[in-house]
Amino acid sequence: METVSENAAFGGVQGVYRHASSSTNCDMTFGLFLPEEVADGPVPLLWYLSGLTCTHENAMTKAGAQAWCAEQGIAMVFPDTSPRGEGVADDEAYDLGQGAGFYVNATQAPWAPHFQMWDYITEELPTLLGERFALDMDRQSITGHSMGGHGALTMAMNLPGRFRSVSAFAPICNPSASDWGRKQLTAYLGADEAAWARHDATLMMQDSGFDGPILIDTGTSDQFLDLLKPEALAQAAAARRQQAVLRMQPGYDHSYFFVSTFMEDHVSFHAEALYRG
Ligand SMILES: N[C@@H](CCC(=O)N[C@@H](CSC=O)C(=O)NCC(=O)O)C(=O)O
């Protein structure tokens, strides 16, 4: 693993690191914020999964998370959203291929050799982080934005016991029924929709093994609201009587102005679960 940069931030350190990934068969870059408490021992870890077109850098520089993580003594990791590089398949569209891994393990050509983002996020990167940094891997929570919110929700639901809490900013809630989902799940997983179900938070809700708290914020002026389908997830959560806070925030759009506005709420929500859950 190579250190790309380390900068002092809010009493802690914002680092960027690069490593050769065996899951994605290419170099992967991630950001990691460590609060000053890390000097005294392992700290809890909050995952932030980013959305379409993002690298590790967008949220790291625009979400305003470090101040709140520093206040709570929590580390935050910002992984990339896909494999990248010259030998990695891509598409001209912004919502498929590099920058749009959708947090699945692709089974279809030409994506399968590199697009193994589920394994990268749930297995390889946690192992690396636990080995290289003073992180308490028994205290993890997860959040994300848009495509990353979809990833956060489906990972929490599919991996009971891994995350103490899950939240999301404007997540893609029902990708099987959305143009932000059908195209990508077909490309990566094939046309058999049975393989998609575990990657759809609304469909997963009835079989979810996750019993921790859920917080979701979506803006009423989100330009992608019809693609996100928060109402589908709300109905599924109500049907299951799932403990969940699903908020529609008046006037907010899909941008990082929205994400940064509610970041304090989300970090505090996770801190409650990480320290007292
Ligand atoms: N290029 C597209 C939309 C791209 C976009 O809005 N990406 C969002 C995430 S959308 C869902 O996953 C994002 O986080 N962009 C990066 C940023 O820094 O804002 C278009 O223009 O329609």
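Two strands pair if DSSP finds at least two bridges between them. Helices (H or I, at least four residues) and strands (E, at least two) are DSSP runs, numbered from the N terminus. What you have here is a predicted model, where local features need pLDDT of at least 70, side-chain atom pairs count only at pLDDT 80 or more, and totals for chains, interfaces and linings use all residues. Residues are numbered from 1 along each chain as its sequence is written.

**Strands and hairpins**
- Strand E1 (residues 2–9) runs antiparallel to strand E2 (residues 12–21), and the two pair over 7 bridges.
- Within that pairing, Thr-3 has Tyr-17 of E2 as its bridge partner.
- The hairpin of E1 and E2 has 2 residues between the strands, and Phe-10 there takes a positive phi near 50°; Phe-10 is a residue other than glycine.
- E2 also pairs with strand E3 (residues 26–34), again in the antiparallel sense, over 9 bridges.
- Look across from His-19 and you'll find Met-28 in E3.
- The hairpin of E2 and E3 has 4 residues between the strands, with Asn-25 at a positive phi near 55°.

**A cis peptide**
- Ala-109 and Pro-110 are joined by a cis peptide bond, with omega at about 0°.
- Pro-110 sits in the loop between strand E5 (75–79) and helix H3 (117–132).

**Helix packing**
- Two packed helices are described by the angle between their axes and the distance between the axes.
- Helix H2 (residues 65–72) and helix H9 (residues 256–276) have axes that come within 9 Å and cross at roughly 30°; axes are lines fitted to C-alpha atoms over the stretch in contact, with angles running from 0 to 180 degrees between N-to-C directions.
- H2 and H9 are therefore roughly parallel to each other (angles under 35 degrees count as such).
- Their crossing is right-handed, meaning the near helix is turned clockwise from the far one by less than a right angle.
- H2 brings Ala-65, Trp-68, Cys-69 and Gln-72 to the contact, and H9 brings Met-263, Glu-264, Val-267 and Ala-271 (C-beta atoms, placed from the backbone, within 7 Å).
- By class, this contact of H2 with H9 has 6 nonpolar, 1 polar and 1 charged residues.

**Around the ligand**
- Of the 13 residues around the ligand (C-beta atom, placed from the backbone, within 6 Å), Gly-51, Leu-52, Asn-58, Ser-146 and Met-147 come nearest.
- The shell has 5 nonpolar, 7 polar and 1 charged residues; Ala, Val, Leu, Ile, Met, Phe, Trp, Tyr, Cys and Pro count as nonpolar, Asp, Glu, Lys and Arg as charged, and the others, Gly among them, as polar.

Key:
Parallel < 35°, antiparallel > 145°, perpendicular 65-115°, else oblique. Contact = placed C-beta atoms within 7 Å.
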